[in-house]
Structure formats: structure tokens, C-alpha cells
Amino acid sequence: MIVLVTGATSGLGKAAAEIFAKNGHDVIITGRRKDRLEQLAGELQKQHQVNVLCLSFDVRNLKETETAIQSIPEAWKKIDVLVNNAGLAVGLNPIQEGVIDDWERMIDTNIKGLLYMTRLVSPIMIKNGHGHIINIGSIAAKEAYANGNVYCATKHAVDALNRGMRIDLLPHNIKVTAIHPGAVETEFSIVRFKGD
């Protein structure tokens, strides 16, 4: 299989790329930090003898995302699995003290980035006649918590999109799955607290 993983430079995305490679699948890894992508690609190729394609771009930027997906070589366009993992939480403020830039980063990454990737990759899967899209949500998609207002809202949106996507893509032999993890060891809090 060919598996495309967004946000593969750390955390769940990196772990997903490692698991798929360990099981012998070629992977397309994406993220903003090109140096980390290249390091991971080298590790996966050496340890698991799989092919790895790195695409460095920001899922929040539609033009960058379009350019990156359109640049995928023909041999890599048999994408079997898309893991929409890129996401983040920024800040931990009550709604009345929310930082607008934090809100926009979360909305642009967690919702719009997932939509951009799905919009660009699902037609490839439809053309191939099959596929599986895995959307990484959060326990925050199921419950809200104090000061998690906008982050929780974005993950609730992922959950709703997942259900809508499943209905739309089922006739095309494309499965859609959501995974809603709880607390895991990633850079989540480092990003949320801006390095603090």
C-alpha cells in the first residue's frame, strides 16, 4: 500500500508513519519541518526498506497544499490510505480571554487543513477505485473541557466531518474512520503553551 500521513514530523503522525513502514508499506510523509521529514525518511528507509516520499508544506495554506499534492509523481498516486493527522491546540484561555490568532491557527489546521487534504486526495482514491481515510480527532471531539473551547469545537467538527465523509465516499469504495485518542505523549502541550 501507499499511505499518506500529514503532520508526520512528530507525535501521532510520526508514529503512524513508523507503524505503516514497519508493516512494509510505502509512505508519503508531510509536514512543515523539512529537516524532520528528511530525518524520518532516512530512518524508515534504513530500518524497514520501504520507499518514502517527503512533501514539506503547511496544510493551512491551500495553494501550498494544492502544489504539493499535484507534485506527487505518477508512481505514488495509488494512494491507498490518507491519515489526516496534522492538528494542534494553541492556548488554554477561557472564551472571554481567547486569543484570536490561536483560534485561527486551530481552525485553519484542524478543520481547513483536513478539508483541503481530503478534497485533493479523495478524487485520486475515487479514480483508483478504493481507499481509506483515517481522521485523527481527539477525546475533545466527544466532550468539552474547561478552557478548551475552540480546540474542542474544532475536534467536534472533525467528528461531524468524518460522519459526513463516510456517507459521501461509501459509494466510491472509500472507508472513513475516526480515531479519538485521549492524552498521549506528543508535542501537544509544547505547542499549546508555545514552548513553555
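The accessible surface of the protein chain amounts to about 10000 Å², and carbon and sulfur atoms contribute 54% of it. The model is predicted; local features need pLDDT of at least 70, side-chain atom pairs count only at pLDDT 80 or more, and totals for chains, interfaces and linings use all residues. Residues are numbered from 1 along each chain as its sequence is written, and side-chain values use heavy atoms, with hydrogens and water left out.

Of the 196 residues in the protein chain, 44% are buried, where buried means under 20% relative accessible area, exposed over 50%, and partly exposed in between (1.4 Å probe, protein chains only). The chain carries 22 positive and 21 negative side chains, and the centres of the two sets are 5 Å apart. For this count, Lys and Arg are positive and Asp and Glu negative, while His and the chain ends are not counted; each charge is placed at NZ of Lys, CZ of Arg, CG of Asp or CD of Glu.

The protein chain contains six helices and six strands, arranged from the N terminus as β-α-β-α-β-α-β-α-β-α-β-α. The radius of gyration is 16 Å, close to the 16 Å given by the globule rule for 196 residues, so the chain is as compact as a globular protein of that length. Helices (H or I, at least four residues) and strands (E, at least two) are DSSP runs numbered from the N terminus; the radius of gyration is taken over C-alpha atoms, and the globule rule is 2.2 Å times the number of residues to the power 0.38. Along the principal axes, the C-alpha atoms fill a box of roughly 50 × 40 × 30 Å. Among contacts (heavy atoms within 4.5 Å) with a separation of 6 or more, 68% are between residues 24 or more positions apart.

Helix α3 spans residues 62–70, and its residues Thr65, Ala68 and Ile69 are buried. Viewed down the axis of α3, the buried residues fall within an arc of 95°, so they line one face of the helix; the arc is that of the directions from the helix axis to the C-beta atoms. The exposed residues Lys63, Thr67 and Gln70 lie on the face of α3 turned away from the buried side. Cover for the buried residues of α3 includes β1 (2–5), β3 (52–56) and α4 (100–128).

Thr109 belongs to helix α4 and is buried, at 6% relative accessibility. Beyond residues up to four places away in sequence, Thr109 touches Val59, Arg60, Ala86, Gly87, Leu88 and Leu114.

Ala157 lies in helix α5 (residues 149–169) and is partly exposed, at 21% relative accessibility. The C-alpha atoms of Ala157 and Gly137, 20 residues apart in sequence, are 9.1 Å apart in space.

Asn147 sits between β5 (131–136) and α5 and is partly exposed, with a relative accessible area of 33%. Asn173 is in the loop between α5 and β6 (174–179).

Pro181 is found in the loop between β6 and α6 (188–192) and is buried, with a relative accessible area of 19%. Leaving aside neighbours within four places in sequence, Pro181 contacts Leu12, Ile136, Gly137, Ser138 and Ile139. Pro181 and Ile139 are 42 residues apart along the chain, and their C-alpha atoms are separated by 5.6 Å.

How values were computed: Accessible areas come from the Shrake-Rupley method with a 1.4 Å probe; for residues, only the protein chains shown count as cover.
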